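I opened a notebook for this model.

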Amino acid sequence: MISAFKMVHRRGCYFSSRRFSSKDQKVTPAWFSDDPNKISDHISLAHLLWSQVIQKGEIAIDATAGNGFDALVLSKIVLSSNSGRLYCMDIQERAIKATEDKLIQAYDSTYVKERVQMMQSSHERFPVEIAANTVSGIVYNLGYLPGTHTDGSKRIMTTPFSTILSMKNALPLLRKGGILTATAYRGHKEGIEETEACFKFFSGLNQTDWRVYSHDPINSETGAVLFSIYKR
Ligand SMILES: C[S@@+](CC[C@H](N)C(=O)[O-])C[C@H]1O[C@@H](n2cnc3c(N)ncnc32)[C@H](O)[C@@H]1O
């Protein structure tokens with residue numbers, strides 16, 4: 001029952017040109033806003049957390065690429081003109097296509113081919129080439145592709161079993177200080193179960209190796225929860 005589900009509120013930069021400038025300088029991060037309410041939004045907050053931890057030239061994984069909005073933010077944080085690698089995974093072909101299109105629009109196709117690996121696959125298993133302790137950020141935005149619940153097609157959504165299995169396999173990949181974030185949605189039955197599964201899994205991580213937080217809108221039972229996990 002979600003009512004018994006007690007969590008406490010604890011606790012890119014933008015490239016206007018299609019290619020990076022030679023300086024690869026950080027400019028206004030995507031999450032930076034004049035709107036003081038925006039930063040408390042779970043998506044903006046996730047972007048902010050990534051930008052605090054993930055460095056240019058490192059490796060990041062978007063485990064639920066969807067329409068590519070998060071992948072684009074992640075790409076701006078982690079990729080430079082000649083370093084960094086982004087893996088984008090999604091079980092749906094149309095999500096992979098949407099994400100790839102978004103990245104190609106922001107950069108160009110050669111650059112995207114060089115720096116980004118698009119994978120239409122379920123995220124329980126990560127590519128074997130990704131060694132343990134090497135990834136700076138692994139992100140999940142759980143649930144289903146926005147818009148797919150109204151277009152008559154069957155919703156393809158993340159499930160507690162595969163999500164937790166994926167996270168179990170993801171954590172060893174993180175480097176020291178690396179971050180895993182998961183946004184979980186409580187607006188529908190499956191999402192409530194998945195949020196509870198995440199809460200249970202993350203609360204069980206040992207304190208010696210992990211710092212674990214949740215950002216929970218405690219005056220809304222249906223609000224999205226952002227989990228952030230840091231490797232010590
Ligand atoms: C809320 S959407 C992600 C939104 C996305 N990050 C964005 O910025 O647009 C959730 C995505 O998870 C994907 N998904 C569902 N089950 C999956 C699985 N087992 N492995 C990988 N992706 C999955 C869905 O296809 C959907 O595109």
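First, my ground rule for naming: helices (H or I, at least four residues) and strands (E, at least two) are DSSP runs, numbered from the N terminus. I work on a predicted model, where local features need pLDDT of at least 70, side-chain atom pairs count only at pLDDT 80 or more, and totals for chains, interfaces and linings use all residues. Residues are numbered from 1 along each chain as its sequence is written, and side-chain values use heavy atoms, with hydrogens and water left out.

**Entry: His215**

I looked up His215 and found it in strand β6. Is His215 buried or exposed? Buried means under 20% relative accessible area, exposed over 50%, and partly exposed in between (1.4 Å probe, protein chains only). His215 has a relative accessible area of 12%, so it is buried. I also checked Thr183, which is 32 residues away from His215 along the chain. Their C-alpha atoms are separated by 9.4 Å.

**Entry: the sheet**

Next I traced the strands. I count two strands as paired if DSSP finds at least two bridges between them. The sheet is open, has seven strands and mixed pairing, and runs in the order β3-β2-β1-β4-β5-β7-β6. Its edge strands are β3 (116-120) and β6 (210-215), each pairing on one side only. From one strand to the next, the twist averages 10°. For such angles, axes are lines fitted to C-alpha atoms, for helices over the stretch in contact, and angles run from 0 to 180 degrees between N-to-C directions.

I then followed β2 (residues 85-90), which pairs with β3 in the parallel sense over five bridges. Cys88 has Met118 in β3 as its bridge partner. Helix α3 packs on the sheet and touches β2 and β3. The direction of α3 makes about 165° with that of β3. Here I take contact as heavy atoms within 4.5 Å.

**Entry: strand β5**

I moved on to β5 (residues 174-184). Nine of its eleven residues are buried. How do β4 and β5 pair, parallel or antiparallel? Strand β4 (residues 135-141) and β5 are parallel, over six bridges. Gly137 stands opposite Ile179 in β5. With β7 (residues 225-231), β5 runs antiparallel, and six bridges join them.

**Entry: helix α5**

I listed the buried residues of α5 (residues 160-170): Ser162, Thr163, Ile164, Ser166, Met167 and Ala170. What do they pack against? Their partners are β4, β5 and α6 (189-203).

**Entry: helices α2 and α3**

I looked at α2 (residues 69-78) beside α3 (residues 93-106). Their axes come within 9 Å and cross at roughly 40°. That makes α2 oblique to α3. The cut-offs: under 35 degrees is roughly parallel, over 145 roughly antiparallel, 65 to 115 roughly perpendicular, and the rest oblique. In the contact, Phe69, Ala71, Leu72 and Ser75 of α2 meet Thr99, Lys102, Leu103 and Ala106 of α3.

**Entry: Asn133**

Last, I checked Asn133, in the loop between β3 and β4. Most residues other than glycine have a negative phi. Asn133 is not a glycine, yet its phi is positive, about 65°. Its relative accessibility is 48%, so Asn133 counts as partly exposed.
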